[in-house]
Amino acid sequence: MSPYSYLRLSVTDRCNFDCFYCRPRLRRNFIGKKDALTFAEMLSLARCLTQQGILHIRLTGGEPLLKKDLKYFIQDLSALPGLRCLSLTTNGYFLAAAVSGLKAAGIKKINVSLDTLKKDRFKKLAGLDALPKILRGVFKATGSGFESVKLNVVLLRGFNDDEILDFVDFGLKEKVDVRFIEYFPTKSCADGFSSDFISSHEVKEIIEEKYGDLEFLGPDAMSGPAQYFRIQGKAGRIGFISSVTGFFCPDCNRLRLTCDGRLYPCLHSGHSADLRRPLRAGDEKGLSSAIQEIFSDKRLYNRLHCSRSFEMSSIGG
Ligand code: SAM
Ligand code: SF4
């Protein structure tokens with residue numbers, strides 16, 4: 001079995017939010033219509049990748065729920081032999097309206113990115129007044145029988161670090177896993193990084209001060225680098241994604257496909273394979289060898305060796 005079993009597929013590089021640590025609107029290089037893959041093309045690539053060992057595909061973006069007809073694409077992906085899990089990461093804005101379609105089409109797990117539970121603060125963060133709408137989506141999703149609904153929380157010192165315990169309590173009450181993500185400096189959002197950054201270690205200490213030592217549970221199979229913990233005696237997990245202070249490259253199982261068909265071995269690597277060209281040329285052999293090259297060289301590309309400055313909204317976080 002290939003050690004690379006998890007594909008993050010960015011279905012669009014556009015977003016309806018402009019979170020100030022991501023800032024898609026600052027970009028001048030959006031992928032044009034001709035260059036963007038159609039869903040039929042993404043499906044062909046997903047089929048090749050599952051044939052080579054991908055077991056889990058997570059749809060991401062930009063904002064994946066901006067894409068019209070996403071549920072039909074999900075239906076087609078769900079039918080791929082060999083695919084064991086299909087999941088989605090969303091900002092939650094369109095979630096309430098989409099939930100039943102996503103469930104019926106075959107999404108098993110949903111991660112919602114939500115960095116504040118305060119209405120006015122949310123508006124400052126994302127540029128629009130959307131918190132009630134997102135919470136409706138989260139509640140609808142938790143009541144819809146998905147294998148999991150998780151919250152992703154990026155913490156920034158002085159902005160939302162006073163909400164760490166509120167998020168823990170929200171997770172306990174609503175029975176959702178809450179994952180605290182270390183803020184990572186990206187191409188358009190590196191300014192102020194050192195003063196805004198707050199480490200997983202510090203967050204864990206704040207939680208333990210109230211709840212006592214957290215019980216270590218470890219990572220999930222076939223998923224990303226989150227390390228999970230539990231408050232003794234309570235259901236629901238707390239996850240930490242230590243993108244800055246952690247070094248999870250040796251165990252990394254992830255590949256990333258952008259919506260213009262570039263397959264990246266690593267978030268940090270400038271190297272990628274152009275899968276769109278052989279796909280559009282009908283060059284099956286070229287396509288297969290481009291994919292194989294990324295699989296076989298993945299170990300050469302990691303955070304120690306690469307320092308590409310990337311945009312989260314184009315590669316999908
Ligand atoms: N728009 C969707 C969303 O926000 O969930 C999917 C794409 S978004 C790029 C994927 C994840 O990346 C989100 O959880 C977001 O919080 C995270 N992210 C974006 N910029 C980040 C940064 N600078 N540091 C850490 N995480 C970041
Ligand atoms: Fe959009 Fe997600 Fe980036 Fe926020 S984090 S601007 S929702 S892509």
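The structure described is a predicted model.

The largest cavity holds about 50 Å³ of space. Its lining is made up of Phe-167, Val-168, Gly-171, Leu-172, Val-176, Val-178, Gly-236, Arg-237 and Ile-238. Two or more of these lining residues come from each of the elements α6 (164-174) and β9 (237-241). Helix α6 makes the greatest contribution to the lining of the largest cavity, with 4 residues. In terms of residue class, 6 nonpolar, 2 polar and 1 charged residues line the largest cavity.

The second largest cavity has about 40 Å³ of space. Around this second cavity lie Leu-155, Phe-180, Ile-181, Glu-182, Ile-198, Ser-199, Ser-200, Val-203 and Phe-240. The elements that supply two or more residues to the lining are β6 (177-182) and α8 (200-211). Strand β6 gives the most to the lining of the second largest cavity, namely 3 residues. The class composition of the lining of the second largest cavity is 6 nonpolar, 2 polar and 1 charged residues.

The packing of helices was examined for α3 and α5. Two packed helices are described by the angle between their axes and the distance between the axes. For helix α3 (residues 95-105) and helix α5 (residues 131-142), the axes come within 8 Å and cross at roughly 25°. Angles under 35 degrees count as roughly parallel, and α3 and α5 are therefore roughly parallel to each other. The crossing in which α3 passes α5 is right-handed.

On the side of α3, the contact involves Leu-95, Ala-96 and Val-99. These residues meet Arg-136, Gly-137, Val-138, Lys-140 and Ala-141 of α5. By class, the residues of this contact between α3 and α5 comprise 5 nonpolar, 1 polar and 2 charged.

How values were computed:
Residues are numbered from 1 along each chain as its sequence is written. Chains are lettered from A and ligands numbered from 1 in the order in which they are written. This is a predicted model: local features need pLDDT of at least 70, side-chain atom pairs count only at pLDDT 80 or more; totals for chains, interfaces and linings use all residues. Side-chain values use heavy atoms; hydrogens and water are left out. On a 1 Å grid over the protein atoms alone, a cavity is a set of points where a 1.4 Å probe fits but cannot get out, and a pocket is an open set with protein on both sides within 12 Å along at least five of seven lines; lining residues have an atom within 4 Å of a point. Grid points are joined across faces, edges and corners, and a volume is the space filled by probe spheres set on the points. Ala, Val, Leu, Ile, Met, Phe, Trp, Tyr, Cys and Pro count as nonpolar, Asp, Glu, Lys and Arg as charged, and the others, Gly among them, as polar. Axes are lines fitted to C-alpha atoms, for helices over the stretch in contact, and angles run from 0 to 180 degrees between N-to-C directions. Angles under 35 degrees count as roughly parallel, over 145 as roughly antiparallel, 65 to 115 as roughly perpendicular and the rest as oblique. A crossing is left-handed if the near helix is turned anticlockwise from the far one by less than a right angle, and right-handed if clockwise. Contact means heavy atoms within 4.5 Å.
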